[in-house]
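Open the model in your viewer and keep the selection panel at hand. Each stop below says what to pick and what is there.

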Amino acid sequence: MKVCDILRVKGSTLYTVSPDTALQTAVLVMSEHDIGSLVVMEYDKLVGMLTFREVIAALAKHHGTLDDLKVQSVMNAKPLTCSMETEIDEVRRMMLVDHARYLPVMDQKVLMGVISFYDVAKSVVEAQDFENSMLKAYIRDWPEESEKAAP
């Protein structure tokens with residue numbers, strides 16, 4: 001399974017902000033859409049990623065206030081990315097090693113979508129459920145010993 005398979009099921013809705021967006025505005029967008037990340041774009045170029053992790057760190061550092069903060073001051077300026085052809089096992093490894101919950105999906109320099117740890121876990125569970133049901137069906141249809149011995 002590849003990243004393109006997840007995006008095909010998930011869809012391609014993207015939420016982005018620019019680096020000079022007020023952090024409070026970005027948090028409202030994340031809350032309104034019930035999402036944990038925003039891709040930070042400058043014109044058509046990926047320049048960062050804002051997740052709830054960066055927002056919480058900013059709140060802690062600034063004593064619970066986000067006044068006058070811009071997205072660029074707290075975003076991850078070098079987020080991990082993957083391509084449409086990246087295998088899911090590789091994505092899982094990348095996410096676990098780097099503690100990344102969200103990965104922008106790039107096709108050359110074009111943003112194609114974002115996949116989350118949840119998206120990856122869901123696809124793995126669905127694939128395992130499918131394989132499990134196929135194995136159960138195969139076992140249920142297994143020929144009896146008496147059938148194999150008959151000429």
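**Stop 1: His99**

Select His99 first. His99 is exposed, with a relative accessible area of 56%. Now check its torsions. Phi of His99 is near 55°, a positive value in a residue other than glycine. Keep in mind throughout that this is a predicted model.

**Stop 2: Asp68**

Go to Asp68 next. Asp68 is not a glycine, yet its phi is positive, about 65°. The residue lies in the loop between α3 and β4. Is Asp68 buried or exposed? Show the surface: Asp68 is exposed, and its relative accessible area is 79%.

**Stop 3: the sheet of β4, β5 and β6**

Select β4, β5 and β6 together. These 3 strands make an open sheet, ordered β4-β5-β6, with mixed pairing. The edges are β4 and β6, each of which pairs on one side only.

Start with β4 (residues 82-83). Its pairing with β5 is parallel and spans 2 bridges. Pick Cys82: its bridge partner in β5 is Val105. Then pick Ser83, whose partner in β5 is Met106.

In β6, Met106 has Leu111 as its bridge partner. The β5 and β6 strands run antiparallel and are joined by 6 bridges.

Zoom in on the hairpin of β5 and β6. There are 2 residues between the strands, and Gln108 takes a positive phi near 60°.

Now colour β5 (residues 102-107) by accessibility. The strand is mostly covered, with 5 of its 6 residues buried.

**Stop 4: the cysteines**

How many disulfides does a search of the whole structure find? The count is 0. Select Cys4 to see this. Cys4 is in no disulfide, and the nearest cysteine sulfur, that of Cys82, is 10 Å away. A disulfide needs the two sulfur atoms within 2.5 Å. From the other end, Cys82 is likewise in no disulfide; its nearest cysteine sulfur is that of Cys4, 10 Å away.

Check the accessibility of each. Cys4 has 16% relative accessibility, so it counts as buried. Cys82 has 6% relative accessibility and therefore also counts as buried. The cut-off for buried is under 20%.

**Stop 5: the sheet of β1, β2 and β3**

Move to the strands β1, β2 and β3. Here too 3 strands form an open sheet, in the order β1-β2-β3, and the pairing is mixed. β1 (16-17) and β3 (45-51) stand at the edges, each with a single partner strand, so one side of each has no neighbour in the sheet.

Trace β2 against β3. The two run antiparallel, joined by 6 bridges.

**Stop 6: the largest pocket**

The largest pocket holds about 320 Å³ of space. It is lined by 16 residues, and the closest to its centre are Lys10, Thr13, Ile35, Ser37 and Val114.

Which elements give two or more residues to the lining of the largest pocket? They are β2 (37-42), β6 (110-116) and α5 (117-140). β2 gives the most, with 3 residues. Colour the lining by class: 8 residues are nonpolar, 6 are polar and 2 are charged.

**Stop 7: Asp119**

Asp119 is buried, at a relative accessible area of 13%. Draw the contact from its side chain: it reaches the backbone nitrogen of Ser116 at 2.9 Å.

**Stop 8: Leu59 and Val110**

Select Leu59, which is found in helix α3 (residues 52-61). Leu59 is partly exposed, with a relative accessible area of 30%. Leu59 and Val110 are 51 residues apart along the chain, and their C-alpha atoms are separated by 32 Å.

How values were computed: Residues numbered from 1 in each chain as written. Predicted model: local features only at pLDDT ≥ 70, side-chain atom pairs only at ≥ 80, totals over all residues. Heavy atoms only, no water. 1 Å grid on protein atoms, 1.4 Å probe; cavity = no way out; pocket = protein on both sides within 12 Å on 5 of 7 lines; lining within 4 Å. Points joined across faces, edges and corners; volume = space filled by probe spheres on them. Helix = DSSP H or I, 4+ residues; strand = E, 2+ residues; numbered from the N terminus. Nonpolar A, V, L, I, M, F, W, Y, C, P; charged D, E, K, R; others polar. Buried < 20%, exposed > 50% of the residue type's maximum accessible area, 1.4 Å probe, protein only. Pairing = 2+ DSSP bridges. Polar contact = N/O pair within 3.5 Å; in protein donor to acceptor, adjacent residues only side chain to side chain.
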